[in-house]
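Trainee: I am new to this structure and would like to go through it step by step. Could we begin?

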Amino acid sequence: MTPSHSLLNSNMPSGSASLIWFRKGLRIHDNPALEYASRASAFVYPLFVIDPHYMEPDPKAFSPGSTRAGISRIRFLLESLADLDLSLKKLGSRLLVLKGEPSEVLIRCLKEWDVKKICFEYDTDPYYQALDNKIKNYASLAGIEVFSPVSHTLFNPADIIEKNGGRPPLSYQSFLKLAGEPSWASSPLLVELSSVPPVGDVASFEISQVPTLKELGYVQNDQEELTPFRGGESEALRRLRESLSDKEWVANFEKPKGDPSAYIKPATTVLSPYLKFGCLSSRYFYQCLKDVYKNVKRHTSPPVSLVGQLLWREFFYTVAFGTPNFDKMNGNKICKQIPWNDDDELLAAWREARTGYPWIDAIMVQLREWGWMHHLARHCVACFLTRGDLFLHWEKGRDVFERLLIDSDWAINNGNWLWLSCSSFFYQYNRIYSPTSFGKKYDPHGDYIRHFLPILKVVSHDSASKECRRKMGEAYALNKKLNGVVSEDDVKSLRRRLDEDGGQEARGRRQRQKLIS
């Protein structure tokens, strides 16, 4: 699909200035906020704020990076910003980079640059919701127009929730019925701009170029294997073209099939990090896939098709947006209350690829070094940490993924951990990924394992998975008995009882072994 529309800056009032605030949406194609900022403006200030909340180096963190993001994701973001800056320069503009608390920086910019219009892509993440409300409140008092379009997702989650009587749909199928076809899908998207108005006077601001990792204070370890995935819209569109060129592969794509051990040429599009940062428009991707489907005899359908994967993203965004405390067990109405173990040593062994199960450890090394792994590999290590072997809290695993994944996305990461720990959405806790046989199925010769790898078992899978199933059964029974209203004290009490039962069982085993010997 190659729709080409030019942007005409007609009826331009003299001296009027607009500000486009980039956060995600790091692209030129299908960017309604950029298009609107450019329309009828004499000057446009394209701004990105280096937010210490995400970008300040944290020497105490368990891996190189900031408090919240590992170095691979920060590198990917900087590459994406550098690419955006190049694209803006081709259109007669440039990216302005400032550093500080975003709302404070933005309000100062709006004052000093005499901005009449501020534009930014709508964001459902709680952090940005709070930030955006500050900016909207200031703009309203100052008489500044705010334009915040929904373009990071195919649908506005609030619309789906409203259709469902004020509650988010809690199953994929019910989401599909409510969502239908996106309202914009039959119209061509604006995928090219001929120009962007020039940047106005930046007054007393010290504008910087897109910084390097070193300039941000990060020290790069030369021994580390770097992620093979480069950030930016240019790379996103190249990958998209490459994926779509094999129409048969697109038509037959079927998740959860695919080889999680394929690392030289991954068995998926690897477009998730580009969607996360908005280097690739999910709407453009959707239309491109629909165009492929029109030109093939048959194709797979949701939930397993590639369009189905985009709709899974929408499902998690919608549930996350409509569920208070979605990222926690406590206070989360859709989350089973389970007395997870609290063992920092086991957590560290999992995180640092020291479980002794080569398949699990290799995946965790790939996560640390590449910031990405196949969805089935994610399923394996998440199951192993929670209901499969270690019985550790899904929030702990979520935090590790949130830090290390280059495609870490608040709604999708939390949604998948709720799912894979059988805390919500999926409840067949007896179905456990084997950390040995599952890997052998895909990596029979150990090529993937040899490429990544480390060392010794932290648990015996057979006995550990049996114990985990027992604990999940007890937790589900308690949730059912109390109609899902399970207090923290109830969870603590159950954990104590399970630990006591487990201790008695272990003592009984030792006693039997003595009698036998």
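Mentor: Two strands pair if DSSP finds at least two bridges between them, and strands (E, at least two residues) and helices (H or I, at least four) are DSSP runs numbered from the N terminus. This is a predicted model, in which local features need pLDDT of at least 70 and side-chain atom pairs count only at pLDDT 80 or more, while totals for chains, interfaces and linings use all residues. Residues are numbered from 1 along each chain as its sequence is written, and side-chain values use heavy atoms, with hydrogens and water left out.

Trainee: In what order do the five strands form the open sheet?

Mentor: The pairing in this sheet is parallel. Strand 3 (96-99) and strand 5 (145-147) each have a single partner strand, so they stand at the edges. The order is 3-2-1-4-5.

Trainee: Which residue in strand 3 stands opposite Phe48?

Mentor: Strand 2 (residues 43-50) runs parallel to strand 3, and four bridges join the two. At Phe48, the residue opposite is Val97.

Trainee: And which residue of strand 2 is the bridge partner of Ser18?

Mentor: Strand 1 pairs with strand 2 in the parallel sense, over six bridges. For Ser18, the partner is Val44.

Trainee: How many of the six residues of strand 1 are buried?

Mentor: Buried means under 20% relative accessible area, exposed means over 50%, and partly exposed lies in between (1.4 Å probe, protein chains only). In a regular strand the side chains alternate between the two faces of the sheet. Here Ala17, Leu19 and Trp21 are buried on one side, and Ser18, Ile20 and Phe22 on the other. Strand 1 (residues 17-22) is largely enclosed by the rest of the structure, because its buried residues number six of the six.

Trainee: How far apart are the centres of domain 1 and domain 2?

Mentor: Domain bounds come from an automatic or database domain assignment, which gives domain 1 (13-151), domain 2 (153-189 + 231-322) and domain 3 (344-513). Contact means heavy atoms within 4.5 Å, and 20 residues of domain 1 are in contact with 22 residues of domain 2. Taken over C-alpha atoms, the separation of these two centres is 25 Å.

Trainee: Which residues does His53 contact, leaving aside its neighbours within four places in sequence?

Mentor: His53 lies in helix 2 (residues 52-55). With a relative accessible area of 32%, His53 counts as partly exposed. Gly100 is 47 residues away from His53 in sequence and 9.0 Å away in space, C-alpha to C-alpha. The contacts of His53 are Arg68 and Tyr127.

Trainee: How many residues of helix 17 are buried?

Mentor: Among the buried residues of helix 17 are Trp410, Asn413, Trp417 and Leu420. Their cover includes helix 5 (126-142), helix 12, helix 13 (344-351), helix 15 (375-388) and helix 16 (394-404). Helix 17 is largely enclosed by the rest of the structure, because the buried count among its 11 residues is eight.

Trainee: What is the relative accessibility of Cys422?

Mentor: Cys422 lies in the loop between helix 17 and helix 18. Although Cys422 is not a glycine, it has a positive phi of about 60°. Cys422 counts as buried, because its relative accessibility is 0%.

Trainee: Is Asn483 buried or exposed?

Mentor: Asn483 is not a glycine, yet it has a positive phi of about 55°. The loop between helix 20 (461-481) and helix 21 (488-516) holds this residue. Its relative accessible area is 71%, so Asn483 is exposed.

Trainee: What is omega for the peptide bond that joins Pro302 and Pro303?

Mentor: Pro303 is in the loop between helix 11 (282-294) and helix 12. The bond joining Pro302 to Pro303 is cis, and its omega is about 10°.
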